Amino acid sequence: ANEGYGYYAARVGEHLGDGRYNIVRKLGWGRDSNVWLARDLVEKRYVALKILSAHATKTHHISLELELKLLHRLKNTNPAHPGYKHILSILDHFSITGKEAGEDVSHLCLVSEVLGEGVGSIRRRSEGLMLPQGMVKTILRQVLQALDYVHRECRIVHTDIKPDNMLTIPQDLDSFVEHSLTTEPPSSRPVIDSLGRKIQQHTSQPLKYSPSSPSSSIQIKLIDFGHSCPSEPHSTHTVQPLELRAPEVILGLPWSTPVDIWSLGCCTFELLTGAWLFNPQAEKGWTTEDDALAKMIEYTGESFPDEMTGEDGRSTGRTKQYFERDIFLGRLRRITEFDSLPVEEILQKYIPIKGQELYECGSFLREMLHLRPADRSDASTLLRHKWLEDY
Ligand code: ATP
Ligand code: MG
Ligand code: MG
């Protein structure tokens, strides 16, 4: 059904992994994979089976050993760290063979524990598309614990921090799964293509996080390490969706763990307000990336330091594409007029927040959104921020 995407066309009832895993229903999907609920017949438990697309398996092929090495590092570095329980546990992995245009192709399968609805999905079905502040703080404390473990102990950059990669931990897994089996699976809406063929559409009807549970008790795990990198040596390739992309990534400069902090800052704003902080748009005279860089200057009130504009003559990356040389050294090439739009003011456009609460929330966001990566607070420092304190 999904060969065009390079997805493996798994069927309910199919057995994978030498017969050990029995496919029950679809849990979700992403750019790189379909994720299925399966019964582990050996351990007699439910598991989640992430079947990577042939494309993802192929592009990961060279780095496959690396990816498994990173997953191994996440699993074994320090189980006693408080962030460890907020990281998805990988239980097993194996490869299967599928067909792509008549040819055999390989798909990597990652077996993990079953988790619940994603934070992005909860937000999208909440009133005003936003979450209550208390719930956002509870989620952030756990994601920051996870990031402290990933960054400081494992020396890994996640590179895809977003609400859809933060999943809830079901309080009672078995009843959660039983309930899921009585609700419609996510991939059931057929779409007919131009030749009249039925195509399986990848819209997700996610498993619902029980709305009756008090928001302060929500438990979160960080998932999807498919694009993670070691924090050393620094990489320069493009990662992160543009809305959540750190400035050093846009500029093609070497990046590391602070890119996750930048994305988390953007996510915090998104969860609180239901809107993207940066929603860059191309106009006649400039590209979406130009617009993103200009908005970063406007919302932070900062200017790019010399080492990020290429003025220091060393770390150039793609800086020449975006910044002037010679007399207008360091100025953006295509956008020259700026508004002053402090992040606090943008927050107030969306939610009624003022006084001390606004000050502390603004300060928390600013700690994560400094233009210079080294100026951003790390996860453990953010965990001690006033805004996250219990009240
Ligand atoms: P992306 O487009 O974000 O890169 P991906 O192809 O790498 O996605 P994942 O993010 O790992 O795939 O998983 C896709 C979706 O499947 C998730 O957003 C979630 O809805 C669901 N999912 C993934 N892992 C689990 C799990 N362990 N338990 C329950 N659902 C899961
Ligand atoms: Mg994902
Ligand atoms: Mg992914």
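Mentor: We shall take the sheet, the ligand shell, the helix pairs and the backbone in turn.

Mentor: This is a predicted model, in which local features need pLDDT of at least 70 and side-chain atom pairs count only at pLDDT 80 or more, while totals for chains, interfaces and linings use all residues. Residues are numbered from 1 along each chain as its sequence is written, and chains are lettered from A and ligands numbered from 1 in the order in which they are written.

Trainee: Which strands form the open sheet, and in what order?

Mentor: The order is β1-β2-β3-β4-β6-β5, with 6 strands in antiparallel pairing. Helices (H or I, at least four residues) and strands (E, at least two) are DSSP runs, numbered from the N terminus. In general, strands of a sheet pair through backbone hydrogen bonds, either parallel or antiparallel.

Trainee: What makes β1 and β5 edge strands?

Mentor: Both β1 (15–16) and β5 (90–100) pair on one side only.

Trainee: Which residues come nearest to ligand 1?

Mentor: G28, G30, D32, V35 and A48 come nearest among the 23 residues around ligand 1. A residue is near a molecule if its C-beta atom, placed from the backbone, lies within 6 Å of it. β2 (21–29), β3 and β4 each supply at least two residues of this shell, and β2 gives the largest share, 3 residues.

Trainee: What is the make-up of that shell by class?

Mentor: The shell has 10 nonpolar, 7 polar and 6 charged residues. Here Ala, Val, Leu, Ile, Met, Phe, Trp, Tyr, Cys and Pro count as nonpolar, Asp, Glu, Lys and Arg as charged, and the others, Gly among them, as polar.

Trainee: Why are α4 and α7 called roughly antiparallel?

Mentor: The axes of α4 (residues 133–153) and α7 (residues 258–273) cross at roughly 165° and come within 10 Å. Axes are lines fitted to C-alpha atoms, for helices over the stretch in contact, and angles run from 0 to 180 degrees between N-to-C directions. Angles under 35 degrees count as roughly parallel, over 145 as roughly antiparallel, 65 to 115 as roughly perpendicular and the rest as oblique. The two helices are therefore roughly antiparallel to each other.

Trainee: Which residues make the contact of α4 and α7?

Mentor: Q133, V136, L140, V143 and L147 of α4 meet D260, L264, T268, L271 and L272 of α7. Residues are in contact if their C-beta atoms, placed from the backbone, lie within 7 Å. By class, this contact has 7 nonpolar, 2 polar and 1 charged.

Trainee: What is the relation of α11 to α12?

Mentor: α11 (residues 343–350) and α12 (residues 355–368) pack at about 120°, with axes 9 Å apart. They are therefore oblique to each other. The contact uses V343, E344, L347 and Q348 of α11 and L358, C361, G362, L365 and R366 of α12. Its classes are 5 nonpolar, 2 polar and 2 charged.

Trainee: What makes K44 worth a remark?

Mentor: Most residues other than glycine have a negative phi, and most peptide bonds are trans. K44 is not a glycine, yet its phi is positive, about 55°. K44 is found in the loop between β3 and β4.

Trainee: Where is a cis peptide bond found?

Mentor: A cis bond joins E232 and P233, with omega about -10°. P233 lies in the loop between β12 (229–230) and α6 (247–250).

Technical notes: Contact = placed C-beta atoms within 7 Å. Pairing = 2+ DSSP bridges.
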